[in-house]
Amino acid sequence: MDCIELSSESPYELLLKAAFLIPVNHYFLGFLFLLCVFLYHFVEIHFFQDLFTAFRGQPVSLTFNSGCELYQEVVSKCKILHGRYLSTPWLCSPHIQTAFLQFFGRAPVCNYRRQIFRTSDGGTIALDWLANADVKKPAIERSDGFHGDDKGPIMVVIPGLTSDSDSAYIKHLAFKMAKSGWNVVVSNHRGLGGVSITSDCFYNAGWTEDARKVIDHLHAQYPQAPLFAVGTSIGANVLVKYLGEEGVNTAIVGAAAICSPWDLLIGDRFIKRRLVQRFYDRALTIGLKDYAKLHQSTWSRLADWEGIAKSCSVRDFDHHATRILANLETVDTYYRKASCTSYIGNVMVPLLCISSLDDPVCTREAIPWDECRANKNIVLATTHHGGHLAYFEGITAKSSWWVRAVEEYFHALKSSSLIHRENMQNTTVVTPLESSIDQAPYVNVREDGMITAFSNEPSGEVGSQQNEQLAEDDNAGDSVRGVNATVQQEETNATTQLDPAPKADFDAMLVPVKRCLNQLSRRSKISMWVLAYAAIITTLPILGSALPLFFKKKLRNIFSLSSPKR
């Protein structure tokens with residue numbers, strides 16, 4: 001029987017000898033393979049995912065209300081929003097895209113025209129204009145603001161945190177829209193864009209006063225030009241919060257929010273969760289500290305400068321600076337008050353929101369899906385990839401997908417009936433809770449639904465007050481009439497509405513009545529049906545008394561003709 005001779009060497013020694021027999025270059029290749037696998041998941045590269053889809057990209061997901069007129073009249077016509085987004089193959093990572101935008105960007109040349117805007121508290125805001133003529137041929141930079149078509153559409157851009165008109169993504173947007181015939185104005189935050197701080201007020205993620213003052217100023221300067229607005233990152237949070245605060249009282253007729261953080265408290269938790277997010281937290285902190293150093297004399301007087309200098313995160317900076325200037329006890333309180341999520345339900349203008357699900361700065365966990373779906377004025381577009389404000393596409397990465405989407409959306413909105421409806425509402429609405437037609441001096445709406453016209457020949461003091469009110473309304477449009485005056489005049493109206501009036505007075509009264517009816521038709525179709533119902537009810541007594549007389553005369557004529565034959 002053969003015996004198997006066993007080796008006395010340890011198996012570990014055998015494995016070690018075998019390991020030494022493997023060439024060094026094989027170890028190096030194995031190390032590179034493991035490193036690539038680690039980086040593929042750490043940097044969230046999706047090259048193989050794009051490869052498996054034959055580089056067709058992922059479809060854009062749209063969230064909206066079932067009765068959303070914005071989708072039916074505008075977004076449904078936008079091919080880009082109904083298509084797919086495919087990122088640049090060699091930038092197939094949200095982190096690589098975001099870093100490429102920050103360090104390279106490939107921004108076009110924009111020759112801005114600067115306008116200095118002074119706020120009521122002494123602050124200074126730089127408004128950088130870019131018109132169609134500025135992109136067609138080089139222009140010499142001047143500080144004389146904008147001189148162009150007063151009726152052309154104006155797009156207000158609110159940049160992100162520590163960004164200004166010189167940022168790459170702002171230039172991409174401004175150049176694209178100006179080339180399409182729009183007048184673009186970038187509203188730089190206080191202390192940015194090369195402008196000094198001239199007051200004790202700084203901007204933050206929830207500061208909407210500057211946007212409100214700039215928009216009101218532009219609307220006063222160019223009343224016939226439709227105003228659109230685009231907010232990016234923190235600027236998107238400011239824009240949505242502003243729209244929710246204003247409701248129907250804003251001069252904006254259309255807006256777009258790009259890569260909004262939505263809920264700052266959730267974003268604060270997210271940006272410190274993973275190692276890769278902490279790099280962004282650190283980078284944003286460096287930008288905030290550089291911004292503070294530009295205005296150190298003011299910051300050191302109003303906030304904790306030593307704490308600002310030692311800040312290692314955005315939360316630290318907000319604790320030592322933003323929270324103090326906002327006069328709030330905690331940073332979490334500031335994040336809750338500054339977030340725009342609670343204002344989404346009050347947005348009354350067409351709003352397109354674009355967010356990337358792989359945004360490394362603004363997490364998908366904060367996207368208010370249900371709030372956007374509940375508001376009929378909002379359409380939420382989400383993509384699987386895109387990074388933070390990057391969205392590069394094509395082999396050369398010269399264009400940004402969200403810029404093209406916003407351009408197409410605004411062009412469709414400008415030619416739709418929604419913008420005209422917004423213009424009429426902005427010119428006729430007195431308050432968001434009261435209807436101007438219900439308080440107009442030409443039509444009296446009673447509590448029981450009856451509608452009566454005012455007397456053409458008023459007597460006494462009340463009549464003189466009516467004539468003065470009519471003259472003021474003919475010059476200035478609709479006005480609000482007191483409730484007491486309505487109650488005092490109901491009885492006189494009921495007794496004089498059937499009296500015959502001279503032809504000149506009737507024609508004079510017909511013009512304001514037509515204007516009130518036109519305003520009522522603009523409010524809603526239901527109001528017209530209510531008016532028709534009220535008109536039928538008020539004319540029934542007259543018809544009831546007139547019909548017997550009419551038929552009585554007919555019967556007399558019939559009997560008088562038939563009596564001789566008998």
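These legends describe close-up views of a predicted model. Local features need pLDDT of at least 70 and side-chain atom pairs count only at pLDDT 80 or more, while totals for chains, interfaces and linings use all residues. Residues are numbered from 1 along each chain as its sequence is written, and side-chain values use heavy atoms, leaving out hydrogens and water.

**View 1. An open sheet of 9 strands with mixed pairing.** The strand order is β2-β11-β10-β9-β8-β6-β7-β5-β4. Strands (E, at least two residues) and helices (H or I, at least four) are DSSP runs numbered from the N terminus; two strands pair if DSSP finds at least two bridges between them. β2 (61-64) and β4 (113-118) each have a single partner strand, so one side of each lacks a neighbour in the sheet.

**View 2. The parallel pair β6 and β8.** Residues 154-158 of β6 and residues 227-232 of β8 are joined over 5 bridges. Valine 157 is opposite valine 230 in β8.

**View 3. Helices α14 and α15.** The axes of α14 (residues 314-325) and α15 (residues 331-338) come within 9 Å and cross at roughly 85°. Axes are lines fitted to C-alpha atoms, for helices over the stretch in contact, with angles from 0 to 180 degrees between N-to-C directions. The two helices are therefore roughly perpendicular (65 to 115 degrees). Residues in contact (heavy atoms within 4.5 Å) include Asp318 and His319 in α14, and Tyr334 and Tyr335 in α15.

**View 4. Helix α17 across the sheet.** Helix α17 (residues 401-414) lies across β6, β8, β9 (252-258), β10 (351-356) and β11 (378-383). Helix α17 runs at about 165° to β9.

Technical notes:
Angles under 35 degrees count as roughly parallel, over 145 as roughly antiparallel, 65 to 115 as roughly perpendicular and the rest as oblique.
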